[in-house]
Every structure is written in C-alpha cells, then in structure tokens.
Amino acid sequence: MIEKTRGILLHQIKYSENSIITSIYTEDFGRQSYITNSVHSKKAGVKASVLQPLFLLDLEVYHRPGRELNRLKSAKIDFPFVSIPYDIRKSSLVIFLAEILNKCLCEEEPNHDLFDFIFQALRFLDLTEKGVANFHLWFLFKLTAYLGIFPSRENMGPSRYFDLEKAEFVNSEPAHPNFMDKKTTVNFASLFEISFSNLHEFALTAYERQTLLQKLIEFYRIHFDIPGELKSLRVLKEVFNK
C-alpha cells in the first residue's frame, strides 16, 4: 500500500551503483528503512540530492507493517533549508545530531510529539543566527524528555552534582565516575530554563561547552548503550573550538 508521510532522514548507505538504503524517522510509522533505486536517473522519484542528513521530507512509501525494508516511491523536500547546507557550524551540528538520532531512535511506532520537536528544532536552527554554538546542547537536553530519561529537578542546587546513572541531582560525589562536577552541573541545570528565544544568552566558554557536551554524550551512552566512536564529534570540536 502506498502511504504519504513526512520524514526526517537519519542515515543512508549505498546498496548498489544506483540504489540507496535509507533510515528515516517518519511522522506516521516511526523509524523505517527504505530502499530506492535509480537515484541518479533524471526521471527518478527520489533524487540523491534530497537524501541528506536530517533533511525534512515529504514522502510516498510502499508501507507493509512489520517488514524490515520497504520501498521509497518518492521524496521531496518539505522545508528547504536556506542556511544549514552553507554554514559550516550548522551543517556540522546537523551531521552530529543525525548520528546521535540514528543510534537512539529505534521504535517502529509513531511518536508525533517527538517528530514535531525534531522538525521544529531543525527549522529554528536553519532560520536563526543567534545561539548556534549552544544549539546541540539544548537539543540533546530537550530530547531526553521524549526518550524517557528527562532529569528530575528535585534536589537541584548550586552545590550539587548530577549523577548520570540515576539521572538526578545528588548532594555529594557518587562513588562511580559517571557524574558532572559542580561547575558542569550548574551549566547543565541552566538548560532547564533555556528555550528558542534565549538560546543565545547561554554564555559558555569553549571549554565549558565542550565539557558539558562530553557529559551529555556520556549520559546518552549510559542510557542507550551507544557503542563505538561518534565519527562526527571530531569535526564538531574543531568547528566550535576555533
């Protein structure tokens, strides 16, 4: 059956000279894998140029529930990015976040609130010029609310530590190494109050930003068992440490 849905492209791999397998987070079917052929043909319903990390797409798909690999009939850009492909800061962020989302979004069930959060956040990133260096920190923090690991605000305070394993603020250093020190905890706690409108007011040094990012990644690794190296992280560090 042919269905129409919106989608956010997470990952793609080359299957043959003219075929690509894509992982797409769809609005109506959750995460799905699709194969598409003849992507370099002039008459192709799916052009290779639209299959880019986190592009926002309108899709026509052959959908059969429970099938591991369906077929992509057509894909067109729903919201054309005007700055992300041309801004090294934004494009680096998008590649990094695509890698994170590809490892975390596994459910083949629709979650319209999660889809809408990602969709609107990417639109905001494309249109804003303020607070870009903080966007990924804010995004990773807010994403936890949709993934079931949103931190509790209970016991939050300036002389606290954030326990990454328990996902809560604690009074003293945990016996294990998976926690944020006091300064990083303060910066982390500030994310509760950050939104689109004041993202640019989140004042961090390059070192503080990098430390907070590292701890957020550790947080994700603990709760989602993310294996291996994040390949996009090195480029991200270089771009925002200049």
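The following legends describe close-up views of a predicted model.

Local features are reported at pLDDT of at least 70 and side-chain atom pairs only at pLDDT 80 or more, whereas totals for chains, interfaces and linings use all residues. Residues are numbered from 1 along each chain as its sequence is written, and side-chain values use heavy atoms, with hydrogens and water left out.

**View 1. The closed barrel of 5 strands.** The strand order is β1-β2-β3-β5-β4, with mixed pairing; strands are DSSP runs of E with at least two residues, numbered from the N terminus, and two of them pair if DSSP finds at least two bridges between them. Neighbouring strands of this sheet are turned by 55° against each other on average, direction ignored. Strand β1 (residues 2–14) pairs with strand β2 (residues 20–26) in the antiparallel sense, over 7 bridges. Within this pairing, K14 has I20 of β2 as its bridge partner.

**View 2. Helices α1 and α2 on the sheet.** Helices are DSSP runs of H or I with at least four residues; contact means heavy atoms within 4.5 Å. Helix α1 (residues 88–104) packs on the sheet and touches β1, β2 and β3 (30–36), its direction making about 110° with that of β1. Helix α2 (residues 112–127) also packs on the sheet, where it touches β1, β2 and β4 (56–62), at about 65° to the direction of β1. Axes are lines fitted to C-alpha atoms, for helices over the stretch in contact, and angles run from 0 to 180 degrees between N-to-C directions.

View 3. T185 counts as buried because its relative accessibility is 1%, the limit being under 20% relative accessible area with a 1.4 Å probe, protein chains only. Leaving aside residues up to four places away in sequence, T185 touches R160, Y161, F162, F169 and M180. A polar atom of the T185 side chain lies 3.1 Å from the backbone nitrogen of F162, and one lies 2.7 Å from the backbone oxygen of D181.

**View 4. The packing and the start of α4.** The buried residues of α4 are T184, T185, N187, F188 and A189. They pack against α3 (135–147), β6 (161–163), β7 (168–170), β8 (179–180) and α5 (206–224). At the start of the helix, a side-chain oxygen of D181 reaches to within 3.3 Å of the backbone nitrogen of K183.

**View 5. D87 in the loop between β5 (70–77) and α1.** D87 is buried, with a relative accessible area of 14%. D87 and R234 are 147 residues apart along the chain, and their C-alpha atoms are separated by 17 Å.

Note on methods:
Buried < 20%, exposed > 50% of the residue type's maximum accessible area, 1.4 Å probe, protein only. Polar contact = N/O pair within 3.5 Å; in protein donor to acceptor, adjacent residues only side chain to side chain.
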